[in-house]
Amino acid sequence: MFVREKPIGPYRYVYLVESVRENGRTKQRIIKNLGRKEQVAAKGDLDRLARSAARLAQRSMILSLLDQGGLPTLTTRRIGPPLAFERLWRETGCRAVVEDLAAARGFGFSPERACFLTVLHRLMVSGSDRAADAWRDDYRIEGTEGLALHHLYRTMAWLGAELPAGEQAGRTPFAPRCTKDLVEERLFEARRDLFSELSVVFLDTTSLYFEGAGGETLGQRGHSKDHRPDLMQMIVAVVMDQRGRPICCEMWPGNTTDVTALMPVVDRLGRRFGIPRVCVVADRGMISAETIAALEARGLEYILGVRERTTKEVHTLVLDDDAPFVPLLIPRQGRPDTELEAKAVTLGKRRYVVCRNLAEAEKDAAERVAIVTNLRRALKAGDKALVGNAGYRRFLKAPEVGFAVDEARVAEDARFDGIFVLRTNTTLDPLQAMLRYRELQGVEQLFRSAKSLLATRPIFHKRDATIRGHVFCSFLALVLQKELTDRCATRGFQPEWAEVLRDLDRLQEVEVEQDGKRFVLRTPTTGCAGKLFQTLGIALPPNIRDATRHTTDTAADASEL
């Protein structure tokens with residue numbers, strides 16, 4: 001079946017015909033007279049017919065190109081990540097907030113597009129802004145075609161720029177108020193209906209090291225969580241709510257300790273976000289007597305982890321309390337139930353909650369038995385080098401003749417099996433306090449996965465402002481990551497993050513020419529990508545469309561975004 005032109009008088013007519021065989025001879029039979037050629041072309045009937053047939057014959061089209069001697073030069077772009085995260089970028093309010101703030105500055109380019117490009121790069125591979133500029137060539141990211149590397153640098157500097165002196169109320173002793181603070185506050189306000197009951201905040205930190213000096217003030221030497229004390233570093237803190245949703249991030253010089261930073265951050269939260277009542281949940285690294293006194297002086301509630309092995313009061317009195325534990329069973333789908341127990345111990349005005357995870361207790365006991373068994377076996381061989389093994393050394397004693405297992409230490413270690421101790425001034429019962437603190441563990445797990453986003457090395461920027469903007473884009477990436485994870489969870493769908501990135505990255509478009517026309521072909525979705533787009537309510541482009549229509553659709557989509 002094919003289309004044929006036939007001249008009749010001064011006009012040319014177009015027919016849909018087919019070849020048939022009658023009486024041993026091949027002849028053409030007209031199926032339909034499509035009309036005069038110029039009228040058919042004006043109405044676009046042939047184009048619609050070709051597109052309709054192409055949808056049913058994509059495989060044949062590609063095979064015909066191969067039969068003709070191979071594919072022509074192709075233009076390939078990845079479209080999965082931009083499609084998915086552009087939707088989240090818009091619906092979380094990030095796009096509108098950045099556009100609104102940038103409008104007052106009169107940039108000659110779109111800082112919002114530069115910011116989105118950088119955030120998308122953080123989500124997929126992370127790295128420097130120079131790497132982001134090269135990386136985007138493989139992706140179809142609408143509105144970024146005219147951006148150059150210096151536009152990314154200017155955007156980072158704008159996001160991290162200090163606000164005027166009249167807008168510095170509420171700054172911390174180690175960090176000024178910047179443009180990125182306005183973005184956080186407006187994002188919070190845009191989602192106020194979600195955060196209106198916010199009363200619990202979680203705080204965790206990480207360190208980022210620099211290959212160079214690290215800005216005018218941010219690069220300092222301190223306790224390196226990256227195990228690179230030889231390099232300058234900065235501290236990045238992320239504040240999250242009880243559901244693990246990022247609220248804001250803070251950036252400090254690398255020699256700022258967690259203990260000294262906690263109270264300035266807590267003080268800022270109320271002023272920045274209008275939170276009337278806050279319960280701070282933090283791990284043991286944030287605790288000091290001064291911190292607890294400051295929290296109580298401000299009338300704030302807290303649930304803080306305690307170093308149960310080294311805090312004398314806990315070690316000698318709290319753990320020896322003989323009050324019974326209250327059990328709690330947490331069912332988990334597809335996995336063994338979690339068995340917990342807790343009890344409250346009050347010493348004067350100080351209230352502690354002793355918690356035990358029974359599965360962790362069994363694990364701790366089994367590990368200790370294995371260590372001690374191997375230690376006894378090794379001691380029989382007289383290997384004094386065992387003292388260099390930290391796992392063995394804690395169970396060793398050195399009498400006058402030879403080394404031996406310290407049975408008192410073994411028994412003492414058993415007291416801590418599955419145990420964690422909290423200090424709190426809340427009126428929550430022990431089980432509620434324990435569950436609230438366990439939420440911190442979930443947030444910490446999210447934070448550990450987020451550190452790959454926050455660790456945006458190498459950082460080549462030399463000014464504090466551009467460094468702050470660079471790291472803040474990683475925070476925005478964390479906002480989008482959490483939003484996508486939550487939406488998947490509401491649909492009973494919990495893919496691994498690496499799986500999400502891999503399957504989105506496989507979705508591509510290929511532009512190819514055939515018979516003088518250019519077509520855009522889309523690869524099929526694989527893995528979890530199809531369910532992700534369904535979850536986000538995104539309709540994928542057709543499997544094949546002509547390049548002219550593709551250009552028109554792209555312009556229309558951009559006008560709607």
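This is a short tour of a predicted model, with stops to select one after another.

**Whole chain**

Start with everything shown. The protein has 561 residues, and buried residues make up 47% of them. Colour by secondary structure: there are 21 helices and 18 strands. The accessible surface comes to about 28,200 Å². Carbon and sulfur atoms account for 51% of that area. Now consider contacts between residues at least 6 apart in sequence. Of these, 64% join residues at least 24 apart.

**Stop 1: a surface patch**

Select Val-3, Leu-46 and Leu-49. Together they form a nonpolar patch on the surface. The partly exposed class runs between the buried cut-off of 20% and the exposed cut-off of 50%.

**Stop 2: helix H4**

Select residues 80-91. This is helix H4, with twelve residues. Check the span from its first C-alpha to its last: H4 reaches 17 Å, close to the 16 Å expected at 1.5 Å a residue.

How many of the twelve residues of H4 are buried? Nine are, and the helix is mostly covered. Pick them out:

- Gly-80, Pro-81 and Pro-82 are among the buried residues of H4.
- Ala-84, Phe-85 and Glu-86 also belong to the buried set.
- Arg-87, Leu-88 and Trp-89 complete the list of buried residues.

Now show what lies over them. The cover includes strand E4 (75-78), along with helices H5 (94-103) and H6 (111-124). It also includes helices H18 (464-490), H19 (497-505) and H20 (529-536). Then step past the end of the helix. Gly-93 follows H4, and its phi is positive, near 95°.

**Stop 3: Gly-418**

Jump to Gly-418. Where is it found? Gly-418 sits in the loop between helix H16 (407-414) and strand E15 (419-424). Gly-418 is buried because its relative accessible area is 8%, and the cut-off for buried is under 20%.

Next, show its neighbours, leaving out residues up to four places away in sequence. Gly-418 touches Cys-355, Arg-356 and Asn-357, and also Glu-360, Ala-361 and Asp-364. Finish by drawing a C-alpha to C-alpha distance from Gly-418 to Lys-363. The two are 55 residues apart in sequence and 8.0 Å apart in space.

Technical notes
Residues are numbered from 1 along each chain as its sequence is written. This is a predicted model: local features need pLDDT of at least 70, side-chain atom pairs count only at pLDDT 80 or more; totals for chains, interfaces and linings use all residues. Side-chain values use heavy atoms; hydrogens and water are left out. Patches are made of residues with over 30% relative accessible area and no salt bridge: like charges are joined within 9 Å, nonpolar side chains (Val, Leu, Ile, Met, Phe, Trp, Tyr) within 5 Å. Accessible areas come from the Shrake-Rupley method with a 1.4 Å probe; for residues, only the protein chains shown count as cover. A salt bridge is a side-chain nitrogen of Lys or Arg within 4 Å of a carboxyl oxygen of Asp or Glu. Helices (H or I, at least four residues) and strands (E, at least two) are DSSP runs, numbered from the N terminus. Buried means under 20% relative accessible area, exposed over 50%, partly exposed in between (1.4 Å probe, protein chains only). Contact means heavy atoms within 4.5 Å. The expected span of a helix is 1.5 Å times one less than its number of residues.
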